[in-house]
Amino acid sequence: MASRYIREFLALEAFKNTGRDVSDILPRLVKLLCCLQVTKTHLFTVTLSYGPSMLPTLGLAGNLCLAERISTQFDKLGVGDIVLVQSPEVPWKFMTKRLIAMEGQSVTYVVDPKNSDKSETIVVPKGHVWIEGDNIYESNDSRKFGPVPYGLLQGRVFWRIWPPKDFGSLVQNKGKDSIS
């Protein structure tokens with residue numbers, strides 16, 4: 001008896017139309033998801049930045065920001081850019097830091113700003129960059145783990161989306177050294 005109800009249900013016109021609708025929508029949905037994945041991987045991504053390391057540029061409670069990935073793919077980052085970086089210590093974690101020096105440039109930094117004024121100078125090795133948080137007293141950055149391989153840079157953060165009162169550009173208008 002149950003098999004008869006199933007046959008009748010499958011024979012209904014409404015079910016046949018539903019099947020056609022799904023077969024029309026599914027390819028479009030797959031194309032949309034592929035487009036979103038390509039966009040997120042190669043063009044733009046949304047990132048959440050929180051914590052004290054980028055104070056006062058980015059807030060403590062959390063900022064939703066937009067990062068473009070084209071600059072990293074074509075080596076168009078410059079000193080002063082805010083970058084999205086895959087952590088060299090915890091690979092699944094991403095950090096937002098400021099690019100301080102590119103390969104071949106020397107950088108002088110305070111080793112432990114909380115406890116002393118001792119500073120060191122380092123020349124950034126080939127294929128690496130030097131990153132620091134704007135708040136040097138509360139930042140886990142190159143002062144702790146050294147120069148970061150360029151391949152860990154995931155994008156340039158250029159626009160703050162949230163909170164609404166701070167909505168806008170994060171790009172500095174001062175002259176910066178861009179590498180080509």
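1. Gln-154 counts as buried because its relative accessibility is 17%, where buried means under 20% relative accessible area, exposed over 50% and partly exposed in between (1.4 Å probe, protein chains only). Gln-154 lies in strand 9 (residues 153-162); helices (H or I, at least four residues) and strands (E, at least two) are DSSP runs, numbered from the N terminus. Not counting residues up to four places away in sequence, Gln-154 touches Arg-69, Thr-72, Leu-84, Gln-86 and Phe-94, contact being heavy atoms within 4.5 Å.

2. The model is predicted: local features need pLDDT of at least 70, side-chain atom pairs count only at pLDDT 80 or more, and totals for chains, interfaces and linings use all residues. Residues are numbered from 1 along each chain as its sequence is written, and side-chain values use heavy atoms, with hydrogens and water left out.

3. Leaving aside neighbours within four places in sequence, the contacts of Val-129 are Leu-99, Ala-101, Met-102, Val-124, Ser-142, Pro-147, Val-148, Tyr-150 and Leu-153.

4. Leu-36, in helix 2 (residues 13-43), counts as exposed because its relative accessibility is 51%.
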